[in-house]
Amino acid sequence: MTLSEAELVNALCLHMAERKGIRPENVRVELIYDDELGFSAELTVEGRDIVWIEANMAEAVSRYVHKQYGKQAYRDDISFRLADEIVVDVK
């Protein structure tokens with residue numbers, strides 16, 4: 001299964017909103033790719049910037065896949081890659 005960049009953003013917004021007890025619309029996400037550092041995301045929540053590394057993003061994707069698709073995905077099942085956009089492959 002491959003998640004689009006839009007689904008990845010949704011996963012991050014939903015996960016952060018659940019953790020903070022806020023509405024997903026109140027979370028802003030900027031996805032980042034760096035040749036040396038890999039994938040990350042900058043989330044803006046209640047005026048505060050939070051940087052998530054791949055491990056944090058994978059946790060959000062795992063929960064999203066479970067809730068949306070009823071599939072259990074562990075960290076080793078999730079990989080990020082750069083196509084025309086940032087996508088997530090889930091085994």
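1. Basis of the note. The model is predicted, and local features need pLDDT of at least 70, side-chain atom pairs count only at pLDDT 80 or more, while totals for chains, interfaces and linings use all residues. Residues are numbered from 1 along each chain as its sequence is written, and side-chain values use heavy atoms, with hydrogens and water left out.

2. The sheet. Three strands form an open, antiparallel sheet in the order β2-β3-β4. Helices (H or I, at least four residues) and strands (E, at least two) are DSSP runs, numbered from the N terminus; two strands pair if DSSP finds at least two bridges between them. Because β2 (27-34) and β4 (48-53) stand at the edges, each with a single partner strand, one side of each is left without a neighbour in the sheet. From one strand to the next, the twist averages 20°. Axes here are lines fitted to C-alpha atoms, for helices over the stretch in contact, and angles run from 0 to 180 degrees between N-to-C directions.

3. Strand pairing. Strands of a sheet pair through backbone hydrogen bonds, either parallel or antiparallel. Strand β3 (residues 38-45) is joined to β2 by eight bridges, and Glu 30 stands opposite Glu 42 in β3. Six bridges join β3 to β4, where Thr 44 faces Asp 49 in β4.

4. Helices on the sheet. Helix α1 (residues 5-20) packs on the sheet and touches β2, β3 and β4; its direction makes about 130° with that of β2. Helix α2 (residues 54-69) also packs on the sheet, touching β2, β3 and β4, and its direction makes about 90° with that of β4. Contact means heavy atoms within 4.5 Å.

5. Not counting residues up to four places away in sequence, Val 61 touches Leu 3, Leu 8, Ala 11, Ile 78, Phe 80, Val 88 and Val 90.

6. Glu 46. This residue lies in the loop between β3 and β4, a hairpin with two residues between the strands. The phi of Glu 46 is near 50°, a positive value in a residue other than glycine. Glu 46 counts as exposed because its relative accessibility is 63%; buried means under 20% relative accessible area, exposed over 50%, and partly exposed in between (1.4 Å probe, protein chains only).
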